Amino acid sequence: MPETAEAKKFTLQAYKTDVHVDWCPGCGDFGILSSIQQALFQLQIPPYKVAMISGIGCSGKTPHYVDTYGLHTLHGRALPVATGAKLANNELTVVAVGGDGDGYGIGAGYFLNSGRRNVDMTYIVYNNGVYGLTKGQASPTLAKGLKTKSMPDPSIQEGINPIAVALGAGYTWIGRGYSLDVKSLVALITQAIRHKGTSFLDVFQTCPVYNDLRTKDWYAGEDIGRSRLRRLDSDPSWDPVVKDPASIEEIAEKKTRALHASYEAGDSLAVGVFYSIDLPTYDQQLANKIPALKEHPLVDLPLYQRDVEPLFAELG
Ligand code: SF4
């Protein structure tokens with residue numbers, strides 16, 4: 001990542017637009033937005049080399065507020081558009097964002113398949129347990145038996161475990177943060193962006209308007225006298241990094257431990273890095289097939305330099 005004198009010219013302000021941020025007062029989205037901007041600033045990635053891609057939901061407005069390239073796409077479609085952006089221009093740092101309804105509900109198929117592709121990009125999910133933009137219906141992560149203020153009855157469906165799904169789908173970096181702990185969130189987003197491969201970061205996000213159960217006080221554990229958030233790195237034996245990617249035993253051991261941590265619930269919610277492994281990315285493998293991509297991103301390759309005759313012949 002750029003550590004040059006030229007790269008240090010970008011101020012934190014360079015990653016902010018002057019678009020009015022119209023999230024509700026006290027929304028956890030503010031903490032995530034600030035963390036993304038601070039992470040990009042710390043990494044000194046030139047704003048013109050970043051693409052922020054969002055789906056639909058309150059979180060979908062994020063690209064409007066980060067002064068980089070950005071695209072506010074369709075419901076659940078942030079990941080395929082982000083994949084296309086990275087493959088078209090592998091010099092871009094691509095960050096996809098969305099809510100839990102957008103990513104784990106409408107976009108669930110893309111969530112699964114993006115894990116196994118391992119395109120070099122980052123996916124951040126603002127997980128608040130509700131569809132905030134459409135008045136607070138239960139989202140895929142709301143646990144069975146919970147009833148937020150706009151629901152007539154408690155949910156009769158189980159909530160999904162996104163960390164467990166991501167482990168199964170093959171994401172090569174998996175983490176979870178909390179929207180109101182900006183310092184830790186900046187560190188997690190920085191690691192996620194630095195990771196080569198698809199990094200997935202689930203973020204517990206407070207929605208004070210519609211989720212009156214998972215509030216700031218609830219996460220702080222006002223009623224039980226201690227925080228409900230347990231930092232994985234507070235355990236000295238916690239090591240989520242696979243040292244030998246060829247070792248099925250080590251992968252299974254690290255994934256099993258991460259899976260156990262992801263099922264902590266109720267009064268103990270694990271946050272931090274769950275799993276990390278270095279594997280060839282989709283874009284690297286593509287560049288091995290098309291060597292010109294190692295010299296120039298696809299977007300800079302004139303089409304006339306490509307010999308398409310073999311392709312036509314193959315297609316008959
Ligand atoms: Fe934030 Fe909830 Fe308001 Fe949406 S509805 S902006 S998630 S507080």
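So, Phe312 sits in helix H12, which covers residues 309-315; helices here are DSSP runs of H or I with at least four residues, strands are E runs of at least two, and both are numbered from the N terminus. This is a predicted model, where local features need pLDDT of at least 70 and side-chain atom pairs count only at pLDDT 80 or more, while totals for chains, interfaces and linings use all residues. Residues are numbered from 1 along each chain as its sequence is written, and side-chain values use heavy atoms, with hydrogens and water left out.

Back to Phe312: together with Val308, Leu311 and Leu315 it makes a nonpolar surface patch of about 410 Å². For a patch, residues need over 30% relative accessible area and no salt bridge, with nonpolar side chains (Val, Leu, Ile, Met, Phe, Trp, Tyr) joined within 5 Å and like charges within 9 Å. The areas are Shrake-Rupley with a 1.4 Å probe, and for residues only the protein chains shown count as cover.

Next, the ligand. Which residues surround it? Trp23, Cys24, Cys27, Cys58, Asn128, Gly132, Gln205, Cys207, Pro208, Val209 and Tyr210 do, taking a heavy atom within 4 Å as the cut-off. That shell splits into 8 nonpolar, 3 polar and no charged residues. (Ala, Val, Leu, Ile, Met, Phe, Trp, Tyr, Cys and Pro count as nonpolar, Asp, Glu, Lys and Arg as charged, and the others, Gly among them, as polar.)

On a 1 Å grid over the protein atoms alone, a cavity is a set of points where a 1.4 Å probe fits but cannot get out; a pocket is an open set with protein on both sides within 12 Å along at least five of seven lines, and lining residues have an atom within 4 Å of a point. Points are joined across faces, edges and corners, and volume is the space filled by probe spheres set on them.

The largest pocket holds about 550 Å³. It has 25 lining residues, and closest to its centre are Thr141, Ala143, Ile160, Ala265 and Leu269.

The whole structure has 2 cavities of 30 Å³ or more. The largest is about 50 Å³, and helices H3 (78-88) and H10 (282-289) each give two or more residues to its lining.

Arg257 is in H9 and Asp235 in the loop between strand S9 (229-231) and H9, so the pair ties together parts 22 residues apart in sequence. Counting a Lys or Arg side-chain nitrogen within 4 Å of an Asp or Glu carboxyl oxygen, we get 9 salt bridges.
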